[in-house]
Amino acid sequence: MSQLDVLELYKQAGAFHEGRFLLASGRQSPFFLQSTTLLQHPKAMMQVGAAMAQKVMEAGLKPDFVVGPAMGGVTLAYEVARQLSDAMPDIRGIFAEKDGMGGMKLREAFSIRPGETFIATEDVLTTGGSLLRAVKAVEAHGGRCIGLCTIIDRRQETGPLAGYPLLSLKELHFDTYAPHEVPDWLAERPLQEI
């Protein structure tokens, strides 16, 4: 799947929005990609999962499981694991969820053996905070992150994810602004929280 195809999937699904958006990072952007709109469609989810699994295979990575941050990463982690299961029959798809204290945790049903390797998945990376919290939750149980895989990498800098190999289907850099830096042309638009 080419990079252009990924963005086209978002547009076809009505998941590419223009306006003024308050991102989870606290920054504002004139564009927003709503992955839940895209990934509710099984065919789109299968295409994205297959493309991500192909990236993992091409990088020579052989994870024991795939993890995604809840909620958006739940189905994505599962689908990437499903797509990898032909080559890795014992692979699992799990998720990390908010722990109520600013971090993430794993459910007791997700047993991690010390040294097991994993890939962490995310739909769109802006700062990488959610993905990093999911990685740290698994590492706290003895897992070893061998890579990150995202549909779209929006980051301008590697930030807190430096040191983890990153695979993405598309790099797409939208300008984002701290609340005190929002330009006048963007400030004229109504702010939408997402």
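Student: Which strand does lysine 98 lie in?
Tutor: This is a predicted model. In this model, lysine 98 lies in strand S4, which covers residues 92-98.

Student: Is lysine 98 buried or exposed?
Tutor: Exposed, because its relative accessibility is 67% and the cut-off for exposed is over 50%.

Student: And what does lysine 98 touch?
Tutor: Leaving out residues up to four places away in sequence, lysine 98 touches Gly103, Met104 and Lys105.

Student: What does the UniProt annotation "binding site" cover?
Tutor: According to the unreviewed UniProt entry, the residues include Lys98, Glu122, Leu125 and Ser130. Those four are also among the residues in the lining of the largest pocket.

Student: Leucine 125, then. Where is it placed?
Tutor: Leucine 125 is in strand S6, residues 117-125.

Student: Buried or exposed, this leucine 125?
Tutor: Leucine 125 is buried, because its relative accessible area is 1% and buried means under 20%.

Student: Which residues does leucine 125 touch?
Tutor: Among them are Leu131, Thr150, Ile152 and Leu161, again not counting residues up to four places away in sequence.

Student: New topic. In what sense do S6 and S7 pair?
Tutor: In the parallel sense, over 8 bridges. With helix H5, residues 129-139, the two strands S6 and S7 make a right-handed β-α-β unit.

Student: How many residues of S7 are buried?
Tutor: 9 of its 10 residues, so strand S7 is mostly covered.

Student: What about S7 and S8, over how many bridges do they pair?
Tutor: Over 5 bridges, in the parallel sense. Isoleucine 152 has lysine 170 in S8 as its bridge partner.

Note on methods. Residues are numbered from 1 along each chain as its sequence is written. This is a predicted model: local features need pLDDT of at least 70, side-chain atom pairs count only at pLDDT 80 or more; totals for chains, interfaces and linings use all residues. Side-chain values use heavy atoms; hydrogens and water are left out. UniProt positions are given in the numbering used here, feature names are shortened, and annotations may be inferred rather than shown by experiment. On a 1 Å grid over the protein atoms alone, a cavity is a set of points where a 1.4 Å probe fits but cannot get out, and a pocket is an open set with protein on both sides within 12 Å along at least five of seven lines; lining residues have an atom within 4 Å of a point. Helices (H or I, at least four residues) and strands (E, at least two) are DSSP runs, numbered from the N terminus. Buried means under 20% relative accessible area, exposed over 50%, partly exposed in between (1.4 Å probe, protein chains only). Contact means heavy atoms within 4.5 Å. Two strands pair if DSSP finds at least two bridges between them. A crossover is right-handed if, with the strands pointing away from the viewer, the path from the first strand over the helix to the second runs clockwise.
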